[in-house]
Amino acid sequence: MIIPLQHFLIFSSALFVIGLAGALTRRNVVGILMSIELMLNAVNVNLVAFSRTTSLQPETGQVFAVFIIALAAAAVAVGLAIVIALYRVKKTVFADQINLLKW
Amino acid sequence: MPEIHFLAQVGVYVTMFVCVVFAVLAVTAANLFRAALALTGVLLGIAGIYIALHAEFLAMVQVLIYVGAVMTLVIFAIMLTERLGDVSVPQTNSSAWLAWAGMIGLYLLLVRVMISTPWPVKTPALIKASAVSTAGLGEALLGPYVFPFEILSVVLIAALVGAIVVARKDDNA
């Protein structure tokens with residue numbers, strides 16, 4: 001079963017673009033974090049597809065996909081902790097109402 | 001067995017299509033809990049794509065970490081913060097249409113570049129010969145990539161301890 005590399009790339013770029021649109025349009029911070037997870041997953045699909053079809057050292061792409069998964073887990077843990085702390089202080093989860101650092 | 005290969009190919013394309021539909025749902029749904037469930041569907045579909053790319057270990061990691069841990073955390077955060085009742089609050093900011101138009105333009109550009117680029121793809125025989133085993137992945141992690149691997153461990157422990165410190169109630173601090 002050989003699926004052309006381009007099809008995986010088109011699929012992953014669709015996921016990436018949808019995730020970026022979500023990160024730009026959502027007001028809810030948790031929704032923005034979910035969109036970022038979507039973008040990271042699109043990148044992972046790209047890495048694995050390239051490592052299978054073009055790389056001469058096919059482990060490399062998958063190792064970096066594992067790194068990205070671990071970093072995404074760290075990012076979501078810190079992000080959600082910030083969201084919960086913010087909700088306790090400001091009673092809102094909407095990004096356009098959180099302007100503590102704006103002047 | 002050409003029939004099985006054909007069926008597997010159809011399955012991969014169906015999975016891709018379902019993933020994209022769920023992804024659109026995950027970023028547009030007004031109810032954030034439904035969006036989280038749609039995102040879980042996308043993540044499971046991507047695990048299927050990994051299996052199609054012969055990355056079985058990554059598919060396993062994807063299901064365990066993303067679907068098992070990250071989505072649980074996200075759903076916890078949604079339950080702790082959001083009032084699911086009031087859907088009258090707008091969920092998108094005022095320039096949403098601009099973002100979507102820009103993203104569609106970016107997507108068309110990306111697809112054009114991807115189709116016209118001559119990727120240095122290996123021959124099918126070479127692709128079959130260079131499959132990645134879990135043992136090979138482990139040797140790569142603890143061989144050439146041991147330094148980033150250890151740095152990542154430090155980053156992960158720092159981030160998780162930091163998350164606990166940030167989310168804790170300030171009783172004594």
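**Entry 1: chain B overall.** I started with burial: 31% of the 173 residues of chain B count as buried. Buried is under 20% relative accessible area, exposed is over 50%, and partly exposed is in between, with a 1.4 Å probe and protein chains only. Before going on, I noted that this is a predicted model, where local features need pLDDT of at least 70, side-chain atom pairs count only at pLDDT 80 or more, and totals for chains, interfaces and linings use all residues. Residues are numbered from 1 along each chain as its sequence is written, chains are lettered from A and ligands numbered from 1 in the order in which they are written, and side-chain values use heavy atoms, with hydrogens and water left out.

Written from the N terminus, that gives α-α-α-α-α-α-α for chain B.

Then the dimensions. Chain B has a radius of gyration of 21 Å, while a compact globule of 173 residues would come out near 16 Å. That radius is taken over C-alpha atoms, and the globule rule is 2.2 Å times the number of residues to the power 0.38. Along the principal axes, the C-alpha atoms of chain B fill a box of roughly 60 × 40 × 30 Å.

I also checked contacts (heavy atoms within 4.5 Å). In chain B, of the contacts with a separation of 6 or more, 51% are between residues 24 or more positions apart. Chain B exposes about 10400 Å², with 75% of it supplied by carbon and sulfur atoms; accessible areas come from the Shrake-Rupley method with a 1.4 Å probe, and for residues only the protein chains shown count as cover.

**Entry 2: chain A overall.** Chain A has three helices and zero strands, in the pattern α-α-α along the sequence. Its radius of gyration is 17 Å, well over the 13 Å that the globule rule gives for 103 residues, so chain A is more spread out than a compact globule. The C-alpha trace of chain A spans about 55 × 25 × 25 Å along its principal axes.

For chain A, 62% of the 103 residues count as buried.

**Entry 3: a cavity.** How many cavities of 30 Å³ or more are there? I got three. A cavity here is a set of points, on a 1 Å grid over the protein atoms alone, where a 1.4 Å probe fits but cannot get out; lining residues have an atom within 4 Å of a point. Grid points are joined across faces, edges and corners, and a volume is the space filled by probe spheres set on the points.

I picked the second largest cavity, which holds about 50 Å³ of space. Its lining draws on both chains, including A:Val48, A:Arg52, A:Gln62, B:Leu53, B:His54 and B:Ala131. Helix α2 (residues 29–53) of chain A gives the most to this lining, with three residues. By type, the lining of the second largest cavity has five nonpolar residues, four polar and one charged.

**Entry 4: two residues from that lining.** B:Ala131 sits in the loop between α5 (124–129) and α6 (134–142) of chain B. B:Ala131 is partly exposed, at a relative accessible area of 46%. B:His54 is in the loop between α2 (32–52) and α3 (56–81) of chain B, and is partly exposed too, at 36% relative accessibility. I noted the phi of B:His54, near 60 degrees, a positive value in a residue other than glycine.

**Entry 5: residues touching the other chain.** Is A:Thr54 buried or exposed? A:Thr54 is buried, with a relative accessible area of 19%. Beyond its neighbours within four places in sequence, A:Thr54 is in contact with A:Leu5, B:Pro120, B:Val121 and B:Lys122.

B:Ala159, in helix α7 (residues 146–167) of chain B, is buried at 12% relative accessible area. Not counting residues up to four places away in sequence, B:Ala159 touches A:Ala74 and A:Val78.

Definitions and conventions
Helices (H or I, at least four residues) and strands (E, at least two) are DSSP runs, numbered from the N terminus. On a 1 Å grid over the protein atoms alone, a cavity is a set of points where a 1.4 Å probe fits but cannot get out, and a pocket is an open set with protein on both sides within 12 Å along at least five of seven lines; lining residues have an atom within 4 Å of a point. Ala, Val, Leu, Ile, Met, Phe, Trp, Tyr, Cys and Pro count as nonpolar, Asp, Glu, Lys and Arg as charged, and the others, Gly among them, as polar.
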